[in-house]
Amino acid sequence: MAGLPTAALQLAGFLMAHAFWTTSELPAEGHYQPQSLCMRADGNRSLNTFEGATAKDQDDSARAFITGGASQWPDCAVARQVKVGTPTGDVDALVIDVVQYGGSVMTVVQAYRPAAQGFRLLGDELMMGDSGPLPPLPAAQAAAAMREGAIDHPGLGDKWSQWEQARDPFSPLVQR
């Protein structure tokens with residue numbers, strides 16, 4: 001990756017905050033419906049929710065958008081809820097795909113504890129490029145850009161800072 005796509009990462013952070021706001025209020029069996037947030041060069045944004053009869057159908061629609069509909073946008077972020085298998089069991093996570101003109105730039109994975117169990121972010125985001133995890137410095141820069149976008153969400157109030165302060169320091173997605 002030549003340079004970090006700061007505007008796309010800030011857009012992704014905004015969507016991540018929006019997605020976690022929704023997720024933090026879901027009932028026990030609730031599922032986050034995938035969404036995209038795309039921005040044109042003039043700054044106009046479009047939020048899209050992916051429809052489908054099942055959570056899998058919604059996820060499939062979101063994945064198809066990444067290589068299809070996102071190609072018309074300079075910057076897009078697509079958020080989906082997934083279960084990640086770990087040695088200690090499945091973990092809930094949001095996956096945010098950062099896309100520019102239909103090409104995947106990076107994928108961000110943030111583990112969390114669902115609302116029914118006391119919503120909490122678990123560890124830092126995993127920043128993934130084409131060849132695996134980003135090195136520490138670019139990963140930290142990408143995370144900082146996303147946090148700028150997250151705190152820019154007008155409806156959240158202090159929620160993002162509260163989630164950051166209560167963030168578990170360890171991610172179940174990282175083996176030590």
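Is Asp60 buried, exposed or partly exposed? With a relative accessible area of 34%, Asp60 is partly exposed, where buried means under 20% relative accessible area, exposed over 50%, and partly exposed in between (1.4 Å probe, protein chains only).

## Ground rules

This is a predicted model, so local features need pLDDT of at least 70 and side-chain atom pairs count only at pLDDT 80 or more, while totals for chains, interfaces and linings use all residues. Residues are numbered from 1 along each chain as its sequence is written, and side-chain values use heavy atoms, leaving out hydrogens and water.

## Salt bridges

There are 10 salt bridges in the structure, each one a side-chain nitrogen of Lys or Arg within 4 Å of a carboxyl oxygen of Asp or Glu. One of them joins Lys56 to Asp60, at 2.9 Å from N to O. Both residues sit in helix H2 (residues 55-67), 4 residues apart, or about one turn of the helix. Helices (H or I, at least four residues) and strands (E, at least two) are DSSP runs, numbered from the N terminus. Asp60 is partly exposed, and Lys56 is exposed at 56%.

Lys159 and Glu25 also pair up through their side chains, at 3.0 Å from N to O. Lys159 belongs to helix H4 (residues 159-166) and Glu25 to the loop between helix H1 (6-23) and strand S1 (35-39), so this bridge ties together parts that are 134 residues apart in sequence. Glu25 is exposed, at 52% relative accessibility, and Lys159 is partly exposed at 26%. Then there's Glu164 with Arg167, whose closest N and O atoms are 2.6 Å apart. Glu164 is partly exposed at 24%, whereas Arg167 is buried, at 11%. Elsewhere, Asp59, Arg63, Arg80 and Asp97 are linked in a salt-bridge network.

## H1 against H3

Two packed helices are described by the angle between their axes and the distance between the axes. The axes of H1 and helix H3 (residues 136-151) come within 6 Å and cross at roughly 55°; axes are lines fitted to C-alpha atoms, for helices over the stretch in contact, and angles run from 0 to 180 degrees between N-to-C directions. That makes H1 and H3 oblique to each other, given that angles under 35 degrees count as roughly parallel, over 145 as roughly antiparallel, 65 to 115 as roughly perpendicular and the rest as oblique.

On the H1 side, the residues that meet H3 include Leu9, Phe14 and Met16, and their H3 partners include Ala142, Met146 and Glu148; contact means heavy atoms within 4.5 Å. The residues of this contact split into 9 nonpolar, 4 polar and 1 charged. Here Ala, Val, Leu, Ile, Met, Phe, Trp, Tyr, Cys and Pro count as nonpolar, Asp, Glu, Lys and Arg as charged, and the others, Gly among them, as polar.

## H1 against H4

H1 also packs on H4, at an angle of about 80° and with the axes 11 Å apart. The two helices are therefore roughly perpendicular. H1 brings Met16, Ala17, Phe20 and Trp21, and H4 brings Lys159, Trp160 and Trp163. By class, that's 6 nonpolar, no polar and 1 charged residues.

## Phe50

Phe50 sits in the loop between strand S2 (45-49) and H2, and at 5% relative accessibility Phe50 is buried. Not counting residues up to four places away in sequence, Phe50 touches Gln33, Pro34, Gln35, Ser36, Gln58, Ser61, Ala62, Phe65 and Val78.
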